[in-house]
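This report looks at one structure and describes a strand and its neighbours, then the nonpolar cores.

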Amino acid sequence: MFALLLCMTLLPWASASRSETTAAAASSSGTSETLIAALGQPAPARTPFAEARFLKVLDKPLVVSGELAWLGGDQLQRRVDHPNQETASIANGEVTLQRAGKSARTFSLSHAPQLQVLLDSFVALLSGDGSRLQQAFNISQTGQASGAWTLTLTPRDAKVAKTVASIVIDGEGKQPRCMQMQEADGDLAIDLLGPLADKMPTQPTRASLQALCQGAH
């Protein structure tokens, strides 16, 4: 579940390692690293978000909104303001979940190695470290950093792939617009980021959100 919380984001994150690539992949990697480097930003970095999560077991998506924050290093925070208040944080190797009126719950990242991979990779993305991100994901890119672009990340680690099938990030220039996390079981989370978060429809559909994500293309 918390992999979705991170997905801003943004995605996420690299304990897995794999250095061998084909010449074509290396060329694509060089292009992606240029774009990812341009996305790097100093901490703390905060952005509003609105997320619709489409679950196979529900007729309507679950919609929440709030703020995502990278506080530096491996410190991440996802604060939900609507419809209910809750905060999910990662710091010092621990995950803490806090809901209004309830006691905080904490567990160690050592109990969730897949989440550790996602965390390391997400930090790599936010800090603009494309080579580190590529250790955990195969990366494909369409578009250029000077205009509209899309990054598609697919996990290299088989265990991670059992949870997360792919992460697609759409953006323009140095600004990510949205992120889509496709889970291996068919569930999908779509996060609208920054100014786009205010455009979350009252009754979102996969098609309407994907159209918003690609609106700059």
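Which residue in E3 is the bridge partner of Glu-51? The model in which this is answered is a predicted one. The partner of Glu-51 in E3 is Val-64. Glu-51 also stands opposite Asp-191, a residue of E12.

Strand E2 covers residues 45–54, and eight of its 10 residues are buried, so the strand is largely enclosed by the rest of the structure.

| Strand joined to E2 | Residues | Bridges | Direction |
|---|---|---|---|
| E3 | residues 62–72 | nine bridges | antiparallel |
| E12 | residues 188–193 | six bridges | antiparallel |

**The nonpolar cores**

The largest nonpolar core has 20 residues. The members that touch the most other members are Leu-133, Phe-137, Ile-139, Leu-151, Leu-153, Ile-167 and Ile-169. Both helices and strands give two or more residues to this core: the helices are H2 (23–39), H3 (113–126) and H4 (130–136), and the strands are E8 (137–143), E9 (148–155), E10 (164–172) and E11 (175–183). Helix H3 gives the most, with four residues.

Ile-169 can be followed in detail. Leaving out residues up to four places away in sequence, Ile-169 touches Leu-125, Trp-149, Thr-150, Leu-151, Leu-153, Pro-176, Cys-178 and Met-179.

Another core, of 13 residues, lies apart from the largest one. Its members include Leu-76, Ala-88, Ala-112 and Leu-119.

Methods: Residues numbered from 1 in each chain as written. Predicted model: local features only at pLDDT ≥ 70, side-chain atom pairs only at ≥ 80, totals over all residues. Heavy atoms only, no water. Core = buried A, V, L, I, M, F, W, Y, C linked by side-chain atoms within 4.5 Å. Buried < 20%, exposed > 50% of the residue type's maximum accessible area, 1.4 Å probe, protein only. Contact = heavy atoms within 4.5 Å. Pairing = 2+ DSSP bridges.
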